[in-house]
Amino acid sequence: MTVELISVGTELLLGTIVNTNAQFLAEKCALLGLSMYNQTVVGDNEERLKAAVSQAVGRSDIVILTGGLGPTEDDLTKETCAQAFGLRLVEDAHTRKRIEDYFKNGIYKEIPENNWKQAMIPQGAMVLDNDNGTAPGLIMEKGDKRLILLPGPPGEMIPLFTGQVEPYLRKLRPGFLMSRMVKICGVGESQVEDRLLDLIDGQTNPTIATYAKTGEVHVRVTAQASDEPCAEKLIKPVVKEIKKRFGQAVYSVKEEETLEMAVVRLLKKYELTMAAAESCTGGLLSGRIVNVAGASDVFKEGFVTYSNKAKRKHLDVSKSTLKKYGAVSKETAREMAIGGVFATDSDMCVSVTGIAGPDGGTEEKPVGLVYMACCFNDKVTVEKYQFKGNRDKVREQAVVKALDLLRRTILENCQ
């Protein structure tokens with residue numbers, strides 16, 4: 001079955017907001033085994049929207065539209081789709097009651113007159129209750145064609161899709177589709193593909209696809225089968241083989257687990273505590289760690305020691321080290337990590353110091369040069385990297401490598 005996305009909103013065309021909805025829906029549809037060949041972004045214009053819907057219905061089995069379901073005059077998605085399927089709009093008592101309750105229980109008690117527009121539903125359409133807003137989602141069917149209308153705000157769209165649309169789409173597909181994600185850190189995408197080339201070239205069912213992330217590569221293994229146990233049987237040996245080929249570079253096989261979640265999981269497993277000592281990353285590393293629920297059990301303290309004075313004061317980096325080798329050096333990174341352990345009485349500390357740019361680089365120490373160190377059990381591992389890209393990219397890559405250094409240090413010392 002083919003699916004197509006239409007993202008509605010002039011603000012998307014102007015770049016006022018980023019179209020994260022399309023990314024989310026495209027990935028979800030791929031996981032459901034739906035083929036997608038086209039995506040369209042169209043502004044709040046009736047004629048252009050009508051043309052986009054007509055074209056999409058003509059070439060795809062399912063069309064998912066996001067946006068344009070609000071109460072204002074330029075919200076035209078529902079009306080345009082109803083016209084495309086030859087349906088008239090009728091008031092839905094259930095939706096009207098939900099709109100009343102939404103305002104009654106909210107900050108604003110008075111219901112604007114134009115909100116009642118959202119209670120008008122294409123006759124025969126399936127209504128998807130929206131618990132996070134006033135615009136309901138809708139599913140319209142005509143023969144073997146389906147229009148699925150979802151509100152634009154991600155906080156409304158995502159719960160509607162995962163809770164109601166995804167189960168609906170699963171029922172449309174014969175058989176069972178299952179995917180597993182193998183997440184790899186510290187190996188480039190071309191290297192990953194090269195090591196998996198025989199599996200990729202010989203794939204039929206399951207299929208293998210690689211996705212490059214910052215400092216990571218994700219490998220998705222997808223199987224089509226009659227039921228869940230059969231799909232699992234197809235996927236299991238492939239995932240096992242990928243893990244065998246990459247060893248400790250594989251940090252997770254869980255779709256939802258991030259690198260920082262994997263680090264926190266390992267810290268908890270081995271009952272360890274940690275600290276972070278940052279210079280060029282300016283707290284980004286600590287931020288990634290504390291974003292993980294339960295990080296307070298293992299994360300003691302984070303230092304942002306941007307100046308030399310701060311490095312000396314909080315981490316006991318010696319004045320002579322800074323003078324002789326400079327703030328961006330393996331010697332300083334080493335002392336920062338050791339100082340972090342002693343300052344917080346943690347089991348381990350990871351440090352990062354570098355030149356993120358765009359200024360500050362020299363021929364000897366160019367922009368993108370980053371040193372990091374991890375101190376654990378009186379042993380210090382220091383690593384040097386030369387990252388490419390702008391300031392944000394350098395800092396982001398440094399954080400990923402520092403997290404991976406933490407992860408590898410734990411595995412090498414505790415397994």
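Helices here are DSSP runs of H or I, at least four residues long, numbered from the N terminus. The model is predicted. With that in hand, start at a helix end.

**Stop 1: helix α10**

Select residues 259-269, which make up helix α10. Step past the helix to Glu271, which follows α10. Its phi is positive, near 55°. Now go back into the helix and pick out the buried residues. They are Leu259, Glu260, Ala262, Val263, Val264, Leu266 and Leu267.

**Stop 2: Arg265 and Glu257**

Show the side chains of Arg265 and Glu257. They form a salt bridge, with the closest N and O atoms 2.8 Å apart. Which of the two partners is buried? Glu257 is, because its relative accessible area is 6%, and buried means under 20%. Arg265 has 34%, so this residue counts as partly exposed.

Next, select Glu383, Asp404, Arg407 and Arg408. Salt bridges that share partners join these four residues into one network.

**Stop 3**

The structure holds 22 salt bridges. Side chains of opposite charge can pair when their charged atoms come close. Two further pairs are worth a selection.

Take Lys117 and Glu79. Their side chains meet in a salt bridge, 4.0 Å from N to O. The pair links distant parts of the chain, 38 residues apart. Lys117 sits in the loop between α5 (93-104) and β5 (120-122). Glu79 belongs to helix α4, residues 77-84. Colour Lys117 by accessibility: at 21%, this lysine counts as partly exposed.

Now take Glu91 and Arg96. Here the salt bridge spans 3.2 Å, N to O. Glu91 is partly exposed, with a relative accessible area of 46%. Arg96 is also partly exposed, at 26%.

**Stop 4: the negative patch**

Switch to a surface view. Select Glu189, Glu193, Asp194 and Asp201. These residues gather in a patch of negative charge on the surface. Which helix gives the largest share of the patch? Helix α7, residues 189-195, supplies three residues. Glu189 is found in that helix, α7. Its relative accessibility is 35%, so Glu189 counts as partly exposed.

**Stop 5: the positive patch**

Keep the surface on. Select Lys309, Arg312, Lys313, Lys319 and Lys323. Together they form a positive surface patch. Two elements give two or more residues each: α12 (308-315) and α13 (319-325). How many residues come from α12, which gives the most? The number is three.

Zoom in on Lys323, which has its place in helix α13. Lys323 is exposed because its relative accessible area is 77%, and the cut-off for exposed is over 50%.

**Stop 6**

Hide the surface and select Thr332. This residue lies in helix α14, residues 330-344. Is Thr332 buried or exposed? Thr332 is buried, with a relative accessible area of 0%.

Key: Residues numbered from 1 in each chain as written. Predicted model: local features only at pLDDT ≥ 70, side-chain atom pairs only at ≥ 80, totals over all residues. Heavy atoms only, no water. Patch = residues over 30% accessible without salt bridge, like charges linked within 9 Å, V, L, I, M, F, W, Y side chains within 5 Å. Areas by Shrake-Rupley, 256 points an atom, 1.4 Å probe, with all protein chains shown as cover. Lys, Arg positive; Asp, Glu negative; His and termini not counted. Charge placed at Lys NZ, Arg CZ, Asp CG, Glu CD. Buried < 20%, exposed > 50% of the residue type's maximum accessible area, 1.4 Å probe, protein only.
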